[in-house]
Amino acid sequence: DTEAFLMKNAKVKLCLRASPTNGNLLLEDCNPESDFQDWSWQGDSLVNHGTGSCLSVVGTSSVQTSLCGSAGLTSWDCLNSLLSPLGSSQGYLVASRKGVALNTVRGLKAQWQDVTDRSVCEEKAAQVEEDMHFPAALTSAHVYEPTAGSTTLALGIDQEELEELLWFFRREDSSTWNYSVLALSFVTMILGLLLLAINVMRNRKRKLHVYGEAAQTAPQAELEARQALMPVEQEHSPDEPGKQELVPQDQKSGEVVVQRKDSTVTSLYPARGEDTM
């Protein structure tokens with residue numbers, strides 16, 4: 001597999017497209033989705049991915065696509081974004097009104113780039129470098145092992161950076177984990193709402209119980225208070241009229257009298273009569 005790129009002319013800003021029927025070359029708006037605008041380097045040949053044919057020179061100045069390895073010139077030299085037939089001085093691949101052709105002009109019409117304005121010559125150099133390293137990687141049985149004194153890998157990055165890249169670009173399906181976390185969050189929310197409802201109901205019942213006890217305690221406390229005040233009232237209440245003992249009207253001042261069981265009142269110290277004196 002080789003990396004495909006679009007061949008865009010630096011002047012007209014259109015891309016080179018191969019016709020699938022007659023091998024003609026057209027200049028159209030760049031479309032990365034079209035296989036007939038995809039080109040890649042295979043050695044010194046430019047291969048179209050849509051037709052599988054190579055860019056070749058037919059005659060003196062005509063350019064079209066033909067089978068790779070045919071009698072036409074299918075090898076190209078690339079320098080400073082200029083494409084010229086390898087081993088020939090017929091000119092450069094130039095964009096024209098009819099399409100493309102060979103011409104000695106070396107301006108923008110003869111310069112070819114990809115969609116990122118990168119020269120097609122750089123694409124060729126990158127492809128050559130990849131072709132050089134790929135067989136060596138297949139045939140080499142040596143595994144790179146960094147030494148203890150150096151942590152720089154062959155790619156020019158540190159071990160820590162490589163681990164970060166491996167972590168970032170790993171292909172792991174996390175759908176199961178995401179669904180599990182979502183389900184756990186939902187269960188936690190339901191449990192929290194249930195505990196909140198239970199707490200509210202308990203607080204309400206506790207308040208009702210406290211209010212009921214207070215309502216029952218108030219009349220009982222009032223009754224006990226009244227019962228405690230009754231002996232005091234009885235002590236200070238007047239006796240019945242029949243039981244009141246009246247002081248004899250004829251009692252003299254300083255005289256001590258005694259009331260007997262038969263309700264008779266006598267003087268404890270009978271006064272001496274004045275006559276006896």
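1. Start with the C78–C121 link: at -90° about the S-S bond, this disulfide is left-handed. C78 sits in strand β9 and C121 in helix α1, so the pair ties together parts that are 43 residues apart in sequence. Here a disulfide is a pair of cysteine sulfur atoms within 2.5 Å, and helices (H or I, at least four residues) and strands (E, at least two) are DSSP runs, numbered from the N terminus.

2. A quick caution: this is a predicted model, where local features need pLDDT of at least 70, side-chain atom pairs count only at pLDDT 80 or more, and totals for chains, interfaces and linings use all residues. Residues are numbered from 1 along each chain as its sequence is written, and side-chain values use heavy atoms, leaving out hydrogens and water.

3. How many disulfides does a search of the whole structure find? It finds 3. One of them joins C15 to C30, with 1.9 Å from S to S, and with 85° about the S-S bond that link is right-handed.

4. Is C15 buried or exposed? C15 is buried, at 0% relative accessibility, while C30 is partly exposed at 30%. Buried means under 20% relative accessible area, exposed over 50%, and partly exposed in between (1.4 Å probe, protein chains only).

5. C15 also belongs to β3, a strand covered on both faces: C15 and R17 on one side and L16 and A18 on the other are all buried.
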